[in-house]
Amino acid sequence: MSIVKTAKKDRVPFGQKAAFGAGHLVLNLYPGALGFFMFFLLTAFGMDPFLAGLLGGLPRFFDAVTDPIMGFISDNTSSKWGRRRPYIFVGGILSAITFVLLWQLDENNSADYNFWYFLIMSMVFLIGNTMFATPLVGLGYEMTSDYNERTRLMAFSQTVGLLAWVIVPWFWVIIADPDFFSNQAEGVRTMAIYVGVACLLLGLLPAIFCRGIDASHMGNRKKLTLTSVFSNLKDLFISIKEAVKNKPFMKLCGATFLVFNGYQIVASFSFFIFVFYIFNGSYEATSTWPAWFSSVGALVSAFLVIPIVSKMATKWGKKKAFIISTALSIIGYAMKWWAFTPDNIWLSFIPIPLMSFGLGSLFTLMMSMTADVCDLDELVNGMPRKEGTFGALYWWVVKLGQGLALVLGGLVLKVIGFDGNAATQSVDTLTKLRIADIVIPIVTAALAIWIMWKYSLSEERAKDIKAQLEERRGVL
């Protein structure tokens, strides 16, 4: 049980927490908006479903290459503004501009033109987004060296970030409403501008107000310039190899992949259950119920689950908090079998608090534990510290899970005989859909608990590592 109070020097001021949280709101708003806007590639711009699927998947391969490179570059950068903040500033501007341009598609253009335009602009957007996101994650890992303050920082940032998921479910409602826009294509183009401006303003805040480690106090850094980056790729691979050999870090990645992937595979299933099971195939009767379901889940995670998880982690340790939270989410998923019923639509909201402990705790705890892992890596492998590399690899696992979930979710729907074009579904298909919606996240969550059961980086061990590091190289 933690009884030592956080030293004043290790506390992150509220203003910096707020700026860091604003950055995480951007990190969630971009993928959330992209996910909902992608639907309109089919309906508003007439794109072939296969081509639209390629546009969702191909950029992820590009992401897998750029993320570790950006992490390595920011780890080894030295400037009077710090290691991360210059990239966050430039990346925030670039990603906002390119996101707006990405969605300025014309429905009168040919499908081939729109496909190549969107694919190329996606690559440019991802460069800016990687330049923004990877250093931002690394910055969070180094804003405090205190075991519990790291959890509080991540809890605050995740609470703010989850507000994006309260907002984005309503994009579909607004864009499709003729009272707002004359057609869906106009709606997408206009809403993209609003999202881009909001992300620009919010994304610059961490670059301006947050503080990280001063790289001038760190020895053994690679001297990077634009011409020398690629000549140092050998060192990048060494950094990746060292991270992969870090057993606690690999446990974090494995557990995150399972919990997040399990959720993502069935993410769309609740919508189909609302439409075809609860409302018997009537989209009109379904109305905004799915949007309310998603928004309420995000609100519960942000303002109920995350504060509870933060206190659990402080009192009992991060590993126990993760295991308890994930177990509670399993109970919530199981309750859906009885709560999702045509007899009473309001019952479907009952499992939300318990289910929310799954994702609500995941990134709060895992990102805090990854910061502890960076200390362990420095103890074993020395300088430079590799927050950027660890952050890039961790989020690469998350993105890999997203990509696989898109494929596996569609495969599951195909296997159970679901037909999205049909007005109704058979009783057998709906039963299998409901079972898959429950069983898949339960199994992946249980496997994540098994992986984390012997996670070894406790609070006592983390504080011992911190003391050894400060004795060896002083306080950063």
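The largest share of the nonpolar surface patch comes from helix α16, which gives five residues. The model is predicted. In it, the patch is formed by W337, W338, I435, V439, V443, L447 and W450. Together these residues have about 770 Å² of accessible area. Two elements give two or more residues each: α13 (318-339) and α16 (427-452). I435 is placed in helix α16. Its relative accessibility is 40%. I435 therefore counts as partly exposed, since this class lies between the 20% and 50% limits.

Charged pairs were examined next. The count comes to 22 salt bridges. One of them joins the side chains of E242 and K386, with an N to O distance of 2.9 Å. This pair links distant parts of the chain, 144 residues apart. E242 lies in helix α8 (residues 233-244). K386 lies in the loop between α14 (352-381) and α15 (387-415). E242 is partly exposed, because its relative accessibility is 23%. K386 is buried, because its relative accessible area is 5%, and buried means under 20%.

K386 has a further partner. It forms a salt bridge with D377, and the closest N and O atoms are 2.7 Å apart. Both K386 and D377 are buried.

Another salt bridge is formed by the side chains of D10 and K9, at 3.4 Å from N to O.

The relative accessible area of Q158 is 10%. Q158 is therefore buried, as the value falls under 20%. Which residues does Q158 touch, not counting those up to four places away in sequence? The contacts are H24, I306, F363, T364 and M367.

Notes: Residues are numbered from 1 along each chain as its sequence is written. This is a predicted model: local features need pLDDT of at least 70, side-chain atom pairs count only at pLDDT 80 or more; totals for chains, interfaces and linings use all residues. Side-chain values use heavy atoms; hydrogens and water are left out. Buried means under 20% relative accessible area, exposed over 50%, partly exposed in between (1.4 Å probe, protein chains only). Contact means heavy atoms within 4.5 Å. A salt bridge is a side-chain nitrogen of Lys or Arg within 4 Å of a carboxyl oxygen of Asp or Glu. Helices (H or I, at least four residues) and strands (E, at least two) are DSSP runs, numbered from the N terminus. Patches are made of residues with over 30% relative accessible area and no salt bridge: like charges are joined within 9 Å, nonpolar side chains (Val, Leu, Ile, Met, Phe, Trp, Tyr) within 5 Å. Accessible areas come from the Shrake-Rupley method with a 1.4 Å probe; for residues, only the protein chains shown count as cover.
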